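Here are my notes on the model you passed along.

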Amino acid sequence: MIQNIRFNMSCFHLTIQQNLGTFFSDNTAMSTEVITNFIHGKAIAPQVENFGDVHNPSTGEVIAKTPFSQAHDVDAAVESAGKAFPSWSDTPAPTRAKILFECRRRVAENLEALSQLICEENGKTFGEAKGDVTRGLEVLEFACNIPHLLMGESLPQMAEHIDGTTSREPLGVCAGITPFNFPVMVPMWMFPLAIACGNTFILKPSEKVPQCANRLAQIFLEAGLPEGVFNVVHGGREAVETICAHPGISAVSFVGSTSVARAVYEQGTRAGKRVQAAGGAKNVMVVMPDAERDSTLRAIMGAAFGCAGQRCMAGSILMGIGDIADPLKEGLVSEMDALTLGDTSRDRSVGMGAMIDSQSRDRLFGVIEKAAQDKVQIVRDGRSKVPNQGFYLGPTLFDHVSTDQTLFNTELFGPALCLSRPSSLDDAIQQINRLPYGNGASIFTSSGAAAREFSRKIQCGMIGVNVGVPAPMAIFPFSGWGRSFFGDLHVQGMEGVSFYTRKKVVLSRWDDTYVRKQGW
Ligand code: NAD
């Protein structure tokens with residue numbers, strides 16, 4: 001059991017009774033919090049009628065209510081961010097970097113508490129939650145290099161007496177719309193770099209995990225970020241559509257499912273905005289007969305069942321080439337049977353947490369039911385091993401999954417792995433390249449030749465060689481292809497800097513003809 005770690009979040013939460021007397025008729029209401037927006041450095045309760053439940057996935061309890069902000073709430077955030085932009089964009093980059101260094105120090109100081117908050121609202125294990133914050137911190141660390149990252153190019157004497165220079169200029173107000181599965185890391189893919197570049201920012205986090213965003217906003221404010229530079233608006237579709245159409249917003253970053261990514265890309269670009277929109281995925285892990293056993297099994301377990309399979313880089317299809325498929329299955333099953341499920345908000349020894357909500361769990365229950373009807377071989381059925389509260393699904397394994405089955409072609413986004421048995425590496429590569437997504441693919445092998453062949457021929461943006469989750473660190477772009485990404489410039493790395501800036505070219509002529517000899 002762990003100590004109860006709580007932030008002082010009084011400025012972000014109002015009790016239900018203060019705000020929503022109609023929700024509850026007795027005093028139990030006091031324990032449920034109402035999330036507020038964060039605009040111009042202040043907690044602002046949006047004047048809305050619709051609220052969503054925020055659950056602790058481990059127990060199913062409602063731990064907070066999140067508002068579904070409306071167009072006028074987004075307008076207020078845009079006004080705040082627009083007001084803050086002239087002075088923030090004019091602040092010297094080294095001064096902005098100093099503030100970001102202090103933000104970094106404070107986020108690191110809050111690592112434990114932020115991780116606990118992630119366990120409570122997302123259901124990850126504590127170790128996974130720490131990874132969520134740590135990967136976000138890496139982007140912030142990258143953003144601290146901003147004076148260097150923003151440097152332009154110059155060519156003196158590019159023509160007779162003419163010098164040329166380029167500089168990177170901020171865009172204005174940028175917005176980010178994020179999914180539930182990484183409540184800290186995915187928002188931090190976006191806003192640290194956007195504000196480092198001199199933009200101001202509005203974050204619309206997932207309505208399922210609203211608390212971390214407010215906590216980050218508070219930390220950044222306390223670290224010296226001026227009011228209005230980073231704002232948070234909570235909500236769902238209406239807030240997102242308002243952001244995509246808003247004339248005061250220059251650029252939109254989105255991460256979530258493919259259908260919403262496509263809609264955000266279309267709506268945002270139609271309104272003349274720069275948009276980067278990362279979508280869903282179907283990632284494949286190929287195991288060659290010469291792969292090292294124990295480290296490969298460990299990597300597969302992490303990729304398939306880490307974060308209860310709710311990762312855009314989760315390994316969803318496992319291809320055993322040749323004779324390896326049976327021993328691979330045996331090894332996996334014994335690891336899966338040893339995995340413990342439990343309440344990650346109270347117990348740090350748990351091996352796998354719950355899914356985010358009852359709809360997600362029921363969707364996966366339905367996938368397993370359909371597979372059973374279709375006579376798919378179900379080696380382990382995770383429905384048989386669930387605690388009686390919370391949104392759990394145990395690790396599930398399907399075998400002999402073929403390329404024409406829905407299981408093979410759709411994102412499952414839960415702790416369910418499909419084993420398939422292509423005849424050769426070549427066959428595997430062809431099957432992978434027919435999938436519509438293009439996020440990640442991994443190969444496990446002792447052969448450099450097989451690894452090289454795989455890396456060169458696979459049509460997706462992030463490749464792992466003996467790495468189960470080939471999610472790149474902040475210095476590289478998070479480089480999805482196909483239906484996993486809509487846009488040109490990805491989050492992270494120099495692509496992130498390019499996304500949040502536009503180039504200006506200055507040509508200067510200094511020669512005698514322009515030195516004043518006589519007045520007008
Ligand atoms: P989601 O698409 O349901 O929600 C993402 C965001 O969009 C949320 O902020 C939500 O409020 C908003 N939204 C939802 N429906 C909307 C609608 N109809 N119109 C406008 N906005 C809407 O995604 P999720 O369930 O929160 O996250 C899981 C998905 O995200 C998975 O598909 C996963 O693969 C993907 N994901 C992708 C990456 C990546 O880098 N490619 C990273 C993390 C997650």
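1. Let's begin with the make-up of the site. Sorted by class, the shell around the ligand holds 13 nonpolar, 10 polar and four charged residues. Keep in mind that this is a predicted model.

2. Which residues come closest to the ligand? Of the 27 residues that surround the ligand, the closest are Lys204, Glu207, Ser257, Gly279 and Glu411. If you want a quick look at the site, those are the ones to display.

3. Two of them go to ligand oxygens through side chains: a polar side-chain atom of Glu411 sits 2.6 Å from an oxygen atom of the ligand, and an N or O atom in the side chain of Lys204 is 2.7 Å from an oxygen atom of the ligand. Gly279 uses its backbone instead, with an N or O atom 2.7 Å from a nitrogen atom of the ligand. As for cover, the ligand taken alone exposes 840 Å², and the protein buries 87% of that.

4. Where does the shell come from in the fold? Domain 2 (71-279 + 485-506) and domain 3 (283-465) each give at least three residues to the shell around the ligand. Looking at secondary structure, α9 (237-245) and β12 (251-255) each contribute at least two.

5. On to the three-stranded sheet. This one is open, ordered β7-β8-β24, and its pairing is antiparallel. β7 (154-159) and β24 (501-509) are the edge strands, each pairing on one side only. Neighbouring strands here are turned by 30° against each other on average, ignoring direction.

6. A closer look at one pair in that sheet: β7 and β8 (residues 162-170) pair in the antiparallel sense over three bridges. Ser154 has Thr165 in β8 as its bridge partner.

7. The other sheet has seven strands, is also open, and runs β16-β17-β18-β15-β14-β20-β21 with mixed pairing. Why is one side of β16 and of β21 left without a neighbour in the sheet? β16 (377-380) and β21 (462-465) stand at the edges and each has a single partner strand, so one side of each has no neighbour there. From one strand to the next, the twist averages 20°.

8. What joins β16 to its partner β17? Three bridges link β16 with β17 (residues 396-399), and the two strands run antiparallel. Within the pair, Ile378 stands opposite Phe398 in β17.

Terms used:
Residues are numbered from 1 along each chain as its sequence is written. This is a predicted model: local features need pLDDT of at least 70, side-chain atom pairs count only at pLDDT 80 or more; totals for chains, interfaces and linings use all residues. Side-chain values use heavy atoms; hydrogens and water are left out. A residue is near a molecule or strand if one of its heavy atoms lies within 4 Å of it. A polar contact is a pair of N or O atoms within 3.5 Å; within protein, one must be able to donate a hydrogen and the other to accept it, and residues adjacent in sequence count only if both atoms are side-chain atoms. Accessible areas come from the Shrake-Rupley method with a 1.4 Å probe; for residues, only the protein chains shown count as cover. Helices (H or I, at least four residues) and strands (E, at least two) are DSSP runs, numbered from the N terminus. Ala, Val, Leu, Ile, Met, Phe, Trp, Tyr, Cys and Pro count as nonpolar, Asp, Glu, Lys and Arg as charged, and the others, Gly among them, as polar. Domain bounds come from an automatic or database domain assignment. Two strands pair if DSSP finds at least two bridges between them. Axes are lines fitted to C-alpha atoms, for helices over the stretch in contact, and angles run from 0 to 180 degrees between N-to-C directions.
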